[in-house]
Amino acid sequence: QVQLVESGGGLVQPGGSLRLSCKASGSTLDYSAIGWFRQAPGKEREGVSCISNSDGSTYYADSVKGRFTISRDNAKNTVYLQMNSLKPEDTAVYYCAVETSGIATIRGEYDYWGQGTQVTVSS
């Protein structure tokens, strides 16, 4: 199995920026995609962004388009989520996850999850 560890969360003011990291370790798998998800209290989990391992194509939820950027460093087995122009509505626990079924979309089957990192946007 693959272990995923998120980092980079914290408390920021509205309009600020954070960069989240997702480091993968453990078994070497043929990943289809790695995605970022978030969940706020009382709300359903939302797919934020994902990146395909085959061609690097990306997806962004409408709520974060133009503000968030997903990227990867294959040599470091790490995926990043650069978050700019943060809003209070972005407050949530952010999780990264790995898709291995071959469906390289945000709606794929994500079987491996990290522990999450808290992002709080508040003045």
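Visitor: What does buried mean here, and what percentage of the 123 residues in the protein chain is buried?
Guide: Buried means under 20% relative accessible area, exposed over 50%, and partly exposed in between, with a 1.4 Å probe and protein chains only. This is a predicted model, where local features need pLDDT of at least 70 and side-chain atom pairs count only at pLDDT 80 or more, while totals for chains, interfaces and linings use all residues. Residues are numbered from 1 along each chain as its sequence is written, and side-chain values use heavy atoms, leaving out hydrogens and water. Of the 123 residues in the protein chain, the buried share is 42%.

Visitor: How many strands are in the protein chain?
Guide: Helices (H or I, at least four residues) and strands (E, at least two) are DSSP runs, numbered from the N terminus. The helix count is 0. The pattern along the sequence is β-β-β-β-β-β-β-β-β-β-β, and the number of strands is 11.

Visitor: What is the radius of gyration of the protein chain?
Guide: The radius is taken over C-alpha atoms, and the globule rule is 2.2 Å times the number of residues to the power 0.38. For 123 residues the rule gives 14 Å, and the chain's value is close to that, so the chain is as compact as a globular protein of that length; its radius of gyration is 14 Å.

Visitor: Which strands are the edges of the open sheet of 4 strands?
Guide: Two strands pair if DSSP finds at least two bridges between them. The order in this sheet is β1-β3-β8-β7, with antiparallel pairing. An edge strand pairs on one side only, which here applies to β1 and β7.

Visitor: Which residue in β3 is the bridge partner of Ser7?
Guide: β1 and β3 run antiparallel and are joined by 6 bridges. Ser7 has its bridge partner in β3, namely Ser21.

Visitor: How many residues does the largest nonpolar core have?
Guide: A nonpolar core is a set of buried Ala, Val, Leu, Ile, Met, Phe, Trp, Tyr and Cys residues joined through side-chain atoms within 4.5 Å. Those with the most contacts inside the largest one are Leu4, Trp36, Phe68, Leu81, Met83 and Tyr94. Elements giving two or more residues to this core include β1 (2–7), β3 (18–26) and β8 (78–83). The core's residue count is 28.

Visitor: Which residues does Met83 touch, not counting those up to four places away in sequence?
Guide: Contact means heavy atoms within 4.5 Å. By that criterion, Met83 touches Gly16, Ser17, Leu18, Leu20, Arg67, Phe68, Tyr94 and Val119.
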